[in-house]
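Welcome! Please take a moment to look over the sequence and the 3D view below, and then we can walk through them together.

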Amino acid sequence: MQIQFGCAQWNYNNEGGKVVPITWDSSAVVNAHMMVCGKSGSGKSHQLKRAIHSASRTSDGTVRFHVFDRHGDLGVPGESVVKFSESTPFGFNPLEVNPDPHFGGVRKAIQKFISGVNRTGSHKLGPLQEALMRRLLEELYASRGFNKDDYRTWVPQDSYEIAEKMRGKESRVFLDVPYAQRDRVKELGARWDGDLKAWWVERDAYAGDLLMWDPKVVFKVSPTLADAVAFAERKMKAIFLGTNAAAMGHLAEVNRQAAAFHRIATKLNKESRDEELEKLQKRLEEARDKAMSSYKGYLNTVETGRELDEVIHYRSMDVMTSVYERLCNLNAIGIFRNTLPPHDHGAAIWRYDISALAADEAKLFVHFKLSQMFDDARQRGQQPCVREIAAVDEAEMYFTDDDDNMLNTISKEARKFGLNLWAASQSPAHFSEDFISNLGAKVILYIDPTKWDASARNLKIERKKIEHLRPRYNGLIQIINNDDVKSAYNLTLFPKEGA
Ligand SMILES: Nc1ncnc2c1ncn2[C@@H]1O[C@H](COP(=O)(O)OP(=O)(O)OP(=O)(O)O)[C@@H](O)[C@H]1O
Ligand SMILES: [Mg+2]
């Protein structure tokens, strides 16, 4: 796989137009990570596009390019593009469980989700919110049959099989009806599906009294963000309005009455006068009756047997509310959908047009997509050559200081798994030192004079070389090949457009 960047400017100017090509070759470079930087309008997106086009044409179809396009200006011939916005149905499920026993699982899915959540909004989740979000999600997965401690439960049902069984039933809502309430649900118009073993009503009819039964999950699939929102909402309602609060009230009453009973019983032993004894006996009986009826009330309100736990874990309504709101906000973002982007499998270049997303949404999108690509790459194992390139324009948007920043992780760890990163940004100062020191190639385009000193230091280039740069005309290109690890920066003339 090769990129023809242009020709050496020195030879061209001093040797009568001699063309010494500046070529990047994936089989010669120390690694295929690359950075492009330069002032706005210097031609970064243009060079990124040329690089993708040139490399994809010489890759024998063995390399897939994932192009994250923030401005909708990275279109390349032969690509397959999908636009993400509020009005397109495409997206992905951030709660998808990878069933691999070594690389996947419920805990990893939750961790990945939480680290994504922490990238959005103005602040990270606090320790209490994070603990509660984790517990909530663990319970949600458990309710779907995904047990965090048992990898055998991480395999979802086959989507083809689900589609077959659901054919013609797409508009139904299945209800979670306890056996004892079957007559009541039938009275309200629900019907029994013998194949799927569940009561159901048409989606439009799911209203009024029928809402007392939650929708039932008839197939085992990863929960979605919308499921997480609904799950949190039900929990809040239960705690706030009713079931558990009632159970707790009764239980407290049981304890109060039992204590009263105990006090009287002790007193009885000490008292000797008959009338006093009779009075106390009566109060004792009353206390016992009250304790028994409270206890009965408690037993009647207990539904799941986990009420006590829940009240303890979810006791802070503030924390619960903030976690719930965070989930709702995420769900409102247009990228968490269940229809996977319909990229053409025959195309080498998959472009993700994220120009219509808000900045936070785009960040989240790139974070989730890159972390999914990194997980897939690790699972694929070591590769002798490049398999995937993630091309990220406007990369400064996605860089953060934390350890689990995906751009840093990929530049440090993904090469051996065949996954490489091409990142473009306006200033080298946007990239971490780790990132810059891991690059196999750097393309420096025109830099603003106020940044010459800083860039020279940052990139270890002589300042006078930087002074030769002209927008859209030339660039300083450093390609570090295996046999020449000291590679200098080459001042490279770009071909004239259309040449
Ligand atoms: N080498 C070139 N030859 C001809 N036209 C070019 C060249 N490089 C860039 N251009 C054109 O110049 C304009 C600006 O380039 P480009 O969009 O790539 O800049 P950029 O560095 O990505 O800017 P921004 O940071 O604002 O995104 C575009 O219209 C592009 O087609
Ligand atoms: Mg650009």
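Let us begin with the overall picture. The protein has 16 helices and 14 strands. What you see is a predicted model. Of its 499 residues, 34% are buried. If you take the contacts between residues at least 6 apart in sequence, 74% of them join residues at least 24 apart.

Now let us zoom in on one strand, β12, which covers residues 441–444. Strand β12 has partners that you can look for in the view. One partner is β3, residues 34–37, which pairs with β12 in the parallel sense over four bridges. Another is β13, residues 474–479, which runs antiparallel to β12 and is joined to it by four bridges. Val-443 is a handy residue for finding your way here: Val-36 stands opposite Val-443, and Ile-477 in β13 stands opposite Val-443 too.

What about the two faces of β12? In a regular strand, side chains alternate between the two faces of the sheet. In β12, Ala-441 and Val-443 lie on one side, while Lys-442 and Ile-444 lie on the other. These four residues are all buried, so both faces of the strand are covered, with a residue counting as buried when 20 or more other C-beta atoms lie within 10 Å of its own.

Finally, turn to ligand 1. There are 13 residues around ligand 1, and those that come nearest are Ser-40, Gly-43, Lys-44, Ser-45 and His-46. Sorted by class, the shell around ligand 1 holds eight polar residues, four charged ones and one nonpolar residue.

Key
Residues numbered from 1 in each chain as written. Chains lettered and ligands numbered in written order. Predicted model: local features only at pLDDT ≥ 70, side-chain atom pairs only at ≥ 80, totals over all residues. Buried ≥ 20, exposed ≤ 12 C-beta atoms within 10 Å, placed from the backbone. Contact = placed C-beta atoms within 7 Å. Pairing = 2+ DSSP bridges. Near = placed C-beta within 6 Å. Nonpolar A, V, L, I, M, F, W, Y, C, P; charged D, E, K, R; others polar.
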